[in-house]
Amino acid sequence: MNAPIELVALDMAGTTIDDGGAVYEALRGAVEDGGATVDQADLQVWMGTDKVEAITNLLRLGGVEPTTERVDAGFARFRERLQEAYAATPPTAIDGVPAALATLRERGVKVALTTGFDDAVALPLLAALGWGIGTGEGTVVDAVVTTSDVAAGRPAPYMIHRAMERTGVRDVRRVLAAGDTAVDVQAATNAGAVSVGVLTGKADPEVLAQAGADHVLGGVVDIPGILTTS
């Protein structure tokens with residue numbers, strides 16, 4: 001990295017938060033409930049995107065016409081399944097992630113979360129983890145951007161750019177964006193940021209490398225070690 005990094009933008013489930021694969025299974029189940037056949041490879045492609053967009057495309061790929069009614073019903077089923085899964089097994093921070101985020105912030109690097117969830121899913125999840133947003137005591141990240149905040153989710157670059165707005169970072173060359181899916185990497189590339197794939201989700205390193213990742217790391221815990229901050 002030629003420029004010091006001022007902002008690290010991170011995905012949530014599978015990257016910073018361990019949800020036991022609940023998003024993966026909730027998405028699969030919601031689409032299958034709609035009568036579609038879900039191919040494993042297709043599911044992997046659409047993980048990390050806006051969930052309405054994911055359901056729309058997975059229905060179509062699975063042989064079901066994605067009418068507005070079917071997509072809306074699928075998204076409602078996705079939320080229900082995810083809430084049930086989280087109630088049964090509450091998500092936790094991935095080992096070492098809170099310490100890594102604290103290290104970055106102590107160095108003066110801003111930390112933002114971006115997600116394929118909307119506000120209604122993402123914000124209660126962060127509250128349950130006790131992850132405060134903003135500055136000052138009790139905060140874990142500086143900003144959160146969800147699909148509720150942008151015109152399109154990943155692989156569009158908008159969430160990363162909105163994270164820049166919210167943290168006051170103006171130069172995208174000083175942004176590193178990381179996630180556990182191919183679309184996380186593609187969004188980082190589309191934004192002009194340093195792209196990092198992490199192996200704490202379900203994607204193989206080859207998938208992340210083929211998506212164009214500048215770095216493939218074991219996890220977010222490895223990010224402080226590769227940064228140039230001055």
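Reader: Which residues of S8 are buried on one side, and which on the other?
Author: In this predicted model, Val-175, Ala-177 and Gly-179 are buried on one side of S8, and Leu-176 and Ala-178 are buried on the other.

Reader: How many of the residues of S8 are buried overall?
Author: The count is 5 of its 5 residues, and S8 is described as mostly covered.

Reader: Which helix lies across S8 and S9?
Author: That is helix H8, residues 182-191, which runs at about 170 degrees to S9. Helix H7, residues 158-167, also lies across S8, together with S1, S4 and S7. The angle of H7 to S7 is about 150 degrees.

Reader: How many bridges join S8 to S9?
Author: There are 4 bridges, and the two strands run parallel. Ala-178 has Val-196 as its bridge partner in S9. The chain passes from S8 through H8 to S9 in a right-handed β-α-β crossover.

Reader: What about S1 and S8: in which sense do they pair?
Author: They pair in the parallel sense, over 4 bridges. Leu-10 has Ala-178 as its bridge partner in S8.

Reader: Turning to the whole sheet, what is the order of its strands?
Author: The order is S7-S4-S1-S8-S9-S10, an open sheet of 6 strands with parallel pairing. Strand S7 (143-145) and strand S10 (215-217) are the edge strands, each pairing on one side only. From one strand to the next, the twist averages 25 degrees.

Reader: And which residue in S4 is the bridge partner of Leu-7?
Author: The partner is Lys-110. Strands S1 (residues 7-10) and S4 (residues 110-114) are joined in the parallel sense over 4 bridges.

Conventions:
Residues numbered from 1 in each chain as written. Predicted model: local features only at pLDDT ≥ 70, side-chain atom pairs only at ≥ 80, totals over all residues. Heavy atoms only, no water. Pairing = 2+ DSSP bridges. Axes fitted to C-alpha atoms, helices over the stretch in contact; angles between N-to-C directions. Contact = heavy atoms within 4.5 Å. Buried < 20%, exposed > 50% of the residue type's maximum accessible area, 1.4 Å probe, protein only. Right-handed = clockwise from strand over helix to strand, strands pointing away.
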